[in-house]
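Today I am opening my notebook on a new chain and looking up how its pieces pack together. Come along and check each entry with me.

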Amino acid sequence: MSKSIVITGASKRIGRASADALFEQGWSVIGVARRSPRCFSGVFIEADLADENQTQAVAKDLGARGNMLGIVNNVGLAKQETFDDVQPNVFTAIIDLNVRPALQLTQALLPGMRSARFGRIINVTSLVTRGFAFRSSYAAAKAALESLTRTIAVELAADGITANAIAQGPTETELFRANNPPGSKGEARYLRSVPMRRFAQPEEIAAAIAFLAGEKAAFITGQTLFVMEVQAWAVSRTRYPRSGFLDCTSKPFSDCLQVVRSLNP
């Protein structure tokens with residue numbers, strides 16, 4: 001029986017690239033998103049994972065297949081916002097889509113993984129969990145997913161199941177470009193924080209996902225792998241070594257504001 005892996009948010013960029021990489025690695029791939037792409041390296045299920053009932057229907061379907069031994073929880077939602085502008089309903093929606101489908105779908109696959117004594121759980125998060133301006137709701141959601149990853153890893157390690165997170169830096173995705181069009185100030189600010197002066201490509205994130213899904217990563221669990229070059233949060237630590245966050249207590253506020261604006265969209 002071939003081993004299968006499900007990828008959420010699989011119709012575009014990172015999800016699509018991950019499907020290709022995992023297919024080449026020998027996995028049978030099942031993608032889930034609201035709309036099917038024109039071509040896909042596997043089977044595709046159309047479902048809106050923002051809907052709890054639709055998510056549960058997909059979970060039931062996948063759980064019944066019996067050979068689902070991996071999952072890449074990639075679906076997500078982000079919004080640019082300052083902390084004082086966060087709206088409770090928006091906060092709840094962002095937390096929900098970034099975390100709940102991962103919970104529902106992963107739970108459905110656990111019986112099959114335990115039976116096979118093998119499983120790969122990979123949660124796609126972000127560098128924003130280390131502190132990034134204008135991403136309050138998104139950072140909270142991805143931090144929750146990373147914390148959940150570590151708990152899963154501890155509880156399921158004895159069953160041969162690994163759980164890891166991929167924290168990506170700025171990547172050429174539709175969502176990223178919608179917020180930071182070519183030639184925009186947002187793009188320029190991001191590029192100034194990346195010494196390579198370019199953004200990650202979806203295939204580079206997918207390569208890390210494929211590695212963690214492979215046989216050779218069997219002893220890696222409970223980890224967050226940052227797929228990025230020297231990035232904004234590291235730059236802030238270098239400039240302000242006393243803390244992982246910007247310390248504005250002993251520096252002019254204008255200096256801190258300039259750093260924040262240069263490192264964030």
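Predicted model: local features only at pLDDT ≥ 70, side-chain atom pairs only at ≥ 80, totals over all residues.

The crossing of α2 past α3 is right-handed.

Next I asked myself: which residues in α2 meet α3? I listed Glu52, Thr55, Gln56, Val58, Ala59, Leu62 and Gly63. On the α3 side, their partners are Arg100, Pro101, Gln104, Leu105, Ala108 and Leu109. I sorted the residues of this contact into seven nonpolar, four polar and two charged.

Then I turned to the sheet. I traced seven strands in an open sheet with parallel pairing, in the order β3-β2-β1-β4-β5-β6-β7. At the edges I noted β3 (43-46) and β7 (224-227), each pairing on one side only. From one strand to the next, the twist averages 20 degrees.

I zoomed in on one pair: β1 (residues 4-8) and β4 (residues 68-73) run parallel and are joined by four bridges. Ile5 has Gly70 in β4 as its bridge partner.

How do the helices sit on the strands? I saw α2 lying across β1, β2 (28-33), β3 and β4, at about 150 degrees to β3. I found α3 across β1, β4, β5 (119-126) and β6 (161-168), at about 155 degrees to β4.

Last, I looked up confidence. The chain averages a pLDDT of 84, and 80% of the residues score at least 70. Over residues 231-254, though, the pLDDT is below 50.

Note on methods:
Residues numbered from 1 in each chain as written. Heavy atoms only, no water. Left-handed = near helix turned anticlockwise from the far one by under 90°. Helix = DSSP H or I, 4+ residues; strand = E, 2+ residues; numbered from the N terminus. Contact = heavy atoms within 4.5 Å. Nonpolar A, V, L, I, M, F, W, Y, C, P; charged D, E, K, R; others polar. pLDDT = per-residue confidence, 0-100. Pairing = 2+ DSSP bridges. Axes fitted to C-alpha atoms, helices over the stretch in contact; angles between N-to-C directions.
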